[in-house]
Amino acid sequence: MAGQGQRLNVVPTVTTLGVVKARLAGATRGHALLKKKSDALTVQFRAILKRIVSDKDAMGDAMRAASLSLAEALYVAGAPLRHVVQQSVSGPARLRVRAHQDNIAGVRLPRFESYLADDAAGAAPSSATSLAGLAGGGQQVAACRAAHARALELLVELASLQTSFLTLDAAIKTTNRRVNALESVVKPRLENTIAYIRGELDEHEREEFFRLKKIQGYKQRELERQKEAAARYAEEKAAGEVALKRGVSMDTAASMLHNGDRDEDIIF
Amino acid sequence: MYGWEMLSFNIHDGFLEAIVRGNRSGLLTAADYNNLCQCETLDDIKMHLTATEYGPYLQNEPSPLHTTTIVEKCTLKLVDDYKHMLCQATEPLSTFLQYITYGHMIDNVVLIVTGTLHERDVNELLEKCHPLGMFDSIASLAVAQNMRELYRLVLVDTPLAPYFSECITSEDLDDMNVEIMRNTLYKAYLEDFYKFCQKLGGATAEIMCDLLSFEADRRAVNITINSIGTELTRDDRRKLYSNFGLLYPYGHEELAVCEDVDQVRGAMEKYPPYQSIFSRISYGESQMLDKAFYEEEVRRLCLSFEQQFHYAVFFAYIRLREQEIRNLMWISECVAQNQKNRVHDSVVFIF
């Protein structure tokens, strides 16, 4: 895995350890949050995908129905109907699209919505065209209009879903990249750093301990040596006092033993 | 004159009657329609049509065909037939033939007026006009700013003048609903045509009055059904009905107060010829009514060919061609949109 064995270039001290640990905690929390966001987005993404699929199916039917109803209207009302309707179009459209934003887990999704304009400018042509095909085919014209309005509504909804789909796709990719980066680069690196600092600190501790042990041993030995010296001195002192009592000093006594020739009888 | 036409009819009109009867045999038959309904693409339709009278009009069309192209070319065939007949015609047949096109002329005038109100380009509008309804001064319609000017400058020279002067009283074009204007004009046109046919007398009057009565009654029913739920008042509705026909005057009174389709049905079932049409349609449904009316119309038009020495065959021929073009449009639309199961819904077999 990427980042394996890497670590931050830090001085291995307890303070740094604290700092790095804090960063790791932060990274973990961030990772959890981002993961949650990514899951939420994915759920939304799936839902939108499902709706897109069903809408696209419905779209085909609606469009087919709409164009067939146009053919029906033309059949009954005659070909001039097309031109009459075209020529009587005026002013702003009645069916309009409004755009607004939805906020899903911090991602802004554009959303389109179709609505019928009710203002005076939009209402006027509706009454003018409602009499189209009066002498034949009026109902077909109305049916055709309804079918096309339905198709248009679906089209707007589909456009909205498609745009959301693309935006959400980009957002999910970014989030997932962040989650993965946190999971496989930042966190291992911090963990490695912590392990490294811990190791270094342990090493230090062991060194200290060994040094202490050494010093203690030295001190012990020194103490014993002094004790021994003191003991010997005390012994000598005691022997000197005995000799004095005898009237001979230790030295003289010794020299008395060694003076003169060597006695052959004495083996030792 | 009735009964004696055979003595003098052929002097002036025998040739043209022969021509129109020849043209009639060029109409597509049920076998043709069955073949057309089997087509998979528009090119197949074109291939089938090359074997018919439409062949020369479609053969030079480049391959990605559109429904509109087919309809356009077929209409061209009808226009050529009509012009050919008009050239040969003498009075009063030429007037009769011109009367047939006034309906399209009204449509064109209404189209230009609508377009002008919304400031469209006149040349663009002229391309969209029906070729049968063209007249010389049609382009100058666009200069008119109000009704009086429109009448004084342009329409006074056209055959439509009396309809306008009688029926349109509103001063300003903007205030008037274009559809109401169209239907008022059409009402006046039908009444005038009716009077003209009565004046001709004989078999022509007999057959044409029957056909026009049916047309007027059909319009009355359609206007009633289509104005249900709109802001058209009962009195306005009543004014759009033509003052002749089987329904006039008592049926009109009943239709004027109808509020839903079943009431229309109740009013219409008192008239035996229409009872059969409504009996084919289930209660509360009105979608299939148009087809039922078309079928009845085609039946009556076909019957007019059974008699000789009268002018109604010309009217019938033009109407049947128009129905045929509608059928072709429907078949092409269904084929183009891959809706083969709907093909038989609206095709009206002619012979």
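Reader: Is Leu17(A) buried, exposed or partly exposed?
Author: Leu17(A) counts as partly exposed, because 18 C-beta neighbours lie inside 10 Å, and buried would take 20 or more. This is a predicted model.

Reader: Which helix does Leu17(A) lie in?
Author: Leu17(A) is part of helix α1 of chain A.

Reader: And what is Leu17(A) in contact with, leaving aside neighbours within four places in sequence?
Author: With those set aside, its contacts are Ile194(A) and Ile197(A).

Reader: How many residues apart in sequence are Leu17(A) and Ile194(A)?
Author: Leu17(A) and Ile194(A) are 177 residues apart in sequence, and 6.3 Å apart in space, C-alpha to C-alpha.

Reader: Other topic. How many residues of chain A are in contact with chain B?
Author: Chain A has 26 residues in contact with 35 residues of chain B.

Reader: Which elements of chain A give two or more residues to that side?
Author: They are α1 (14-77), α2 (80-87), α3 (120-129) and α4 (138-246) of chain A. The largest share, seven residues, belongs to α1(A).

Reader: How do the residues on that side of chain A divide by class?
Author: On the side of chain A that touches chain B, 13 are nonpolar, twelve polar and one charged.

Reader: Now chain B. What domains is it divided into?
Author: Chain B has domain 1 (1-56 + 310-350), domain 2 (89-200) and domain 3 (201-307).

Reader: How far apart do domain 2 and domain 3 of chain B lie?
Author: Their C-alpha centres are 24 Å apart. Twelve residues from domain 2 of chain B and 15 residues from domain 3 of chain B make the contact.

Reader: What classes are on the domain 2 side?
Author: Where domain 2 of chain B touches domain 3 of chain B, the domain 2 side has six nonpolar, three polar and three charged residues.

Reader: Back to helices. At what angle do α11 and α12 of chain B cross?
Author: The axes of α11 (residues 178-200) and α12 (residues 202-227) of chain B cross at roughly 160° and come within 8 Å. That makes α11(B) roughly antiparallel to α12(B), because angles over 145 degrees count as such.

Reader: Left-handed or right-handed crossing?
Author: α11(B) passes α12(B) in a left-handed crossing.

Reader: Which residues make the contact?
Author: From α11(B) they include Leu190(B), Phe193(B) and Tyr194(B), and from α12(B) they include Met208(B), Leu212(B) and Ile223(B). By class, the contact of α11(B) with α12(B) has eleven nonpolar, four polar and one charged.

Methods: Residues are numbered from 1 along each chain as its sequence is written. Chains are lettered from A and ligands numbered from 1 in the order in which they are written. This is a predicted model: local features need pLDDT of at least 70, side-chain atom pairs count only at pLDDT 80 or more; totals for chains, interfaces and linings use all residues. Two residues are in contact if their C-beta atoms, placed from the backbone, lie within 7 Å. Helices (H or I, at least four residues) and strands (E, at least two) are DSSP runs, numbered from the N terminus. Ala, Val, Leu, Ile, Met, Phe, Trp, Tyr, Cys and Pro count as nonpolar, Asp, Glu, Lys and Arg as charged, and the others, Gly among them, as polar. Axes are lines fitted to C-alpha atoms, for helices over the stretch in contact, and angles run from 0 to 180 degrees between N-to-C directions. Angles under 35 degrees count as roughly parallel, over 145 as roughly antiparallel, 65 to 115 as roughly perpendicular and the rest as oblique. A crossing is left-handed if the near helix is turned anticlockwise from the far one by less than a right angle, and right-handed if clockwise. A residue is buried if 20 or more other C-beta atoms lie within 10 Å of its own, exposed if 12 or fewer, and partly exposed in between; C-beta atoms are placed from the backbone. Domain bounds come from an automatic or database domain assignment.
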